[in-house]
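Please look over the sequence and the model shown here before reading on.

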Amino acid sequence: MTSQVATDEGGIPAEIMNILEAEPGAVPVAGLTAGPDIPALREQLAILVSTGKARKAIGVQLTHEQVKRLSDKDVEKYNKRHESYIAGKTTETLIDSFLAVATKAAGRVLPIKNVEALQKELQSDYIITNELSALAGNLALKCGKLLALASAALITTKHIDFSARPIDVTLHMTAEQNPEESQ
């Protein structure tokens with residue numbers, strides 16, 4: 001998928017990072033402020049460092065020692081970057097899977113010359129990817145973790161060969177096995 005949006009080192013759109021970094025970490029609840037679980041967020045960063053994915057996911061290569069010494073504000077900042085990275089990857093996967101299924105379905109009913117070329121062209125179209133990104137974001141907010149099931153269904157559907165002959169799954173029982181027929 002081709003993107004024409006300015007991004008930081010981690011591939012996170014600059015506009016999003018500005019909003020995320022300006023957004024306060026604490027959420028007011030009935031006059032109280034419930035802060036983030038900094039030790040848990042720090043542990044997530046340590047896992048990123050351990051897996052070697054810190055630079056890609058947050059735009060900075062950190063060591064375990066650096067993670068231990070980060071201020072709470074930096075821990076929040078890097079975790080927001082990580083969340084943004086995950087959201088971007090999730091959106092990209094959903095868009096790619098949706099377009100693959102849609103072009104495959106269209107190719108079954110319409111005389112499309114090259115389904116793969118159509119899919120690539122749709123994936124590189126800014127308007128389509130932008131609008132589908134917004135849709136995927138709304139679905140993520142409303143459906144949460146159920147989005148994983150939708151993604152799995154789209155990926156599975158993308159790999160189904162609809163031109164193959166269906167398998168006959170009817171059971172052939174003898175009269176002894178089927179009491180209804182023996183009466």
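Two residues are said to be in contact when they have heavy atoms within 4.5 Å of each other. The model is a predicted one, in which local features need pLDDT of at least 70 and side-chain atom pairs count only at pLDDT 80 or more, while totals for chains, interfaces and linings use all residues. Residues are numbered from 1 along each chain as its sequence is written, and side-chain values use heavy atoms, with hydrogens and water left out.

Of the contacts in the protein with a separation of 6 or more, 61% are accounted for by residues 24 or more positions apart. The secondary structure consists of eight helices and two strands, where helices (H or I, at least four residues) and strands (E, at least two) are DSSP runs numbered from the N terminus. Along the sequence these elements follow the pattern α-β-β-α-α-α-α-α-α-α. Of the 183 residues in the protein, 25% are buried; here buried means under 20% relative accessible area, exposed means over 50%, and partly exposed lies in between, with a 1.4 Å probe and protein chains only.

Proline 36 sits in the loop between strand 2 (32-34) and helix 2, and with 32% relative accessibility proline 36 counts as partly exposed. Although proline 36 and glutamate 76 are 40 residues apart in sequence, their C-alpha atoms are 7.9 Å apart in space. The 14 residues of helix 2 should span 20 Å at 1.5 Å a residue, and the end C-alpha atoms are 20 Å apart, which agrees; the expected span is 1.5 Å times one less than the number of residues. Buried in helix 2 are Ile38, Leu41, Arg42, Leu45, Leu48 and Val49. After helix 2 comes glycine 52, which has a positive phi, near 75 degrees.

Leucine 62, in the loop between helix 3 and helix 4, counts as buried at 7% relative accessibility. Not counting residues up to four places away in sequence, leucine 62 touches Val49, Ala54, Val67, Leu70 and Tyr78. Histidine 82 belongs to helix 5 and is buried, with a relative accessible area of 16%. Once its neighbours within four places in sequence are left aside, histidine 82 is in contact with Leu48, Ala57 and Ile58.

How does helix 5 meet helix 7, and at what angle do they pack? Helix 5 (residues 72-109) and helix 7 (residues 126-143) pack at an angle of about 115 degrees, with their axes 9 Å apart; axes are lines fitted to C-alpha atoms, for helices over the stretch in contact, and angles run from 0 to 180 degrees between N-to-C directions. On the helix 5 side the meeting residues are Thr91, Leu94, Ile95, Phe98 and Leu99, and on the helix 7 side they are Ile128, Thr129, Leu132, Ser133 and Ala136. By class, this contact has seven nonpolar, three polar and no charged residues, where Ala, Val, Leu, Ile, Met, Phe, Trp, Tyr, Cys and Pro count as nonpolar, Asp, Glu, Lys and Arg as charged, and the others, Gly among them, as polar.

Within helix 7, Thr129, Leu132 and Ala136 are buried. Viewed down the axis of helix 7, these buried residues fall within an arc of 70 degrees, so they line one face of the helix. The face turned away from the buried side of helix 7 carries the exposed residues Ile127, Glu131, Leu141 and Lys142. The buried residues of helix 7 pack against helix 5, helix 6 (115-124) and helix 8 (146-158).

In helix 8 the buried residues are Leu147, Ser151 and Leu154. Seen down the axis of helix 8, they fall within an arc of 65 degrees, so they line one face of the helix. Leu146, Ala148 and Leu149 are exposed on the face of helix 8 turned away from its buried side. The buried residues of helix 8 pack against helix 5 and helix 7.

Definitions and conventions. Arc of directions from axis to C-beta.
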